[in-house]
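I'm opening a new page for this one.

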Amino acid sequence: MNVTRFAPSPNGPLHLGHAFSAIVAHDLAKERAGRFLLRIEDIDGARSRPELADAFRADLAWLGLEWEEVPPQSTRLGAYAEATERLRSEGLLYPCRCTRAEIAAAATKTGPDGPVYPGICRGASLAADGDVAWRLDMVEAIRRTGPLTWFDARAGEQDARPELLGDAVLARKEAETPASYHLAVTIDDAADGVTHVTRGMDLFAATHVHRLLQELLGLPVPTWHHHPLLLDETGHKLAKRRGSPSLADRRRAGEDGRALADSLRAGRLPAGITLGEGLSDPS
Ligand SMILES: [Zn+2]
């Protein structure tokens, strides 16, 4: 049985790109009589607006999708803290106080997530009190797991290359966002029993780190399905700030959501929108 999920963050309304992602995940589950899960990723601190989750549910129903909702990330803070503690006790994490600007100034390599952390605090034995981020010692982590592979339904067998992302942050400085995306999503997908992690190509490289974390934490290894992205005229991933109407706007304007979903399934896209792998987003 396929178990897939759609995991939006309530920090802005859903748009067509989200609809496409939800439909891909939904249909992949339903074609094998599987389960399609909705998980609200609500630990984005000040940017998180939990009231948006109700609009998300209305959007999915409007598109004609059926889902089961699983616990939001805010209910799993204990599990994230436990995983962080485990990796820390195994000597795989180190504290870092660097600011974004310091990292940008010192970085000599750019990876899929932006500037690669140049290891300023690695081995510096900083005191772990107060506002520190916890980074994964990537070289040591890879040494312990040995070579890993993962499978993408579209791209095939992949050699895991987590080193591309450098010493990723697993626990953030900000107390209200205690786990990074990498750690939270890896733990959530395992806890929810997801068998097919379906998401956009923009997260393809992140999977290298997620596969490594699964190995370090002894979690099951799913299959991935990174789908192409809806792109605007500039070749970038569709985003609200570039003028794509939200699903809620379309819904309230009386548009037929099921017809829209069928158009997206058939690859009939609104004018100016194309499906592709996407240029990196300079955000
Ligand atoms: Zn640092």
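This is a predicted model: local features need pLDDT of at least 70, side-chain atom pairs count only at pLDDT 80 or more; totals for chains, interfaces and linings use all residues.

How much space lies in the second largest pocket? I looked it up, and the answer is about 190 Å³.

**Pocket lining.** I went through the residues around the second largest pocket and found T108, K109, V116, Y117, P118, R122, M138, V139, I142, E163, G166 and D167. I sorted this lining into six nonpolar, two polar and four charged residues.

**Zinc site.** Y117 lines that pocket, and its OH is also a donor to the zinc ion. The other protein donors are the SG atoms of C96, C98 and C121. I noted distances of 2.0 to 2.3 Å from the zinc ion to these donors. Along the sequence, the spacing reads C-x1-C-x18-Y-x3-C.

Why do I call the arrangement tetrahedral? The four donor atoms subtend angles of 103 to 122 degrees around the zinc ion, and the cut-off for tetrahedral is that all angles lie between 85 and 135 degrees. For comparison, the ideal angle for four tetrahedral donors is 109.5 degrees.

**H210.** I then moved on to H210, in helix α7, which covers residues 206-217. Is H210 buried or exposed? H210 counts as buried because its relative accessibility is 2%. Leaving out residues up to four places away in sequence, I found H210 touching Y181, H182, V185, T186 and R199. I also looked up A58, 152 residues from H210 along the chain, and their C-alpha atoms are separated by 30 Å.

Note on methods
Residues are numbered from 1 along each chain as its sequence is written. Side-chain values use heavy atoms; hydrogens and water are left out. On a 1 Å grid over the protein atoms alone, a cavity is a set of points where a 1.4 Å probe fits but cannot get out, and a pocket is an open set with protein on both sides within 12 Å along at least five of seven lines; lining residues have an atom within 4 Å of a point. Grid points are joined across faces, edges and corners, and a volume is the space filled by probe spheres set on the points. Ala, Val, Leu, Ile, Met, Phe, Trp, Tyr, Cys and Pro count as nonpolar, Asp, Glu, Lys and Arg as charged, and the others, Gly among them, as polar. Helices (H or I, at least four residues) and strands (E, at least two) are DSSP runs, numbered from the N terminus. Buried means under 20% relative accessible area, exposed over 50%, partly exposed in between (1.4 Å probe, protein chains only). Contact means heavy atoms within 4.5 Å. Donors are N, O and S atoms within 2.8 Å of the metal (3.2 Å for Na, K and Ca); water is not among the atoms, so sites may look incomplete. Four donors count as tetrahedral if all angles lie between 85 and 135 degrees; four count as square planar and six as octahedral if opposite donors are over 155 degrees apart and all others between 65 and 115; anything else is irregular.
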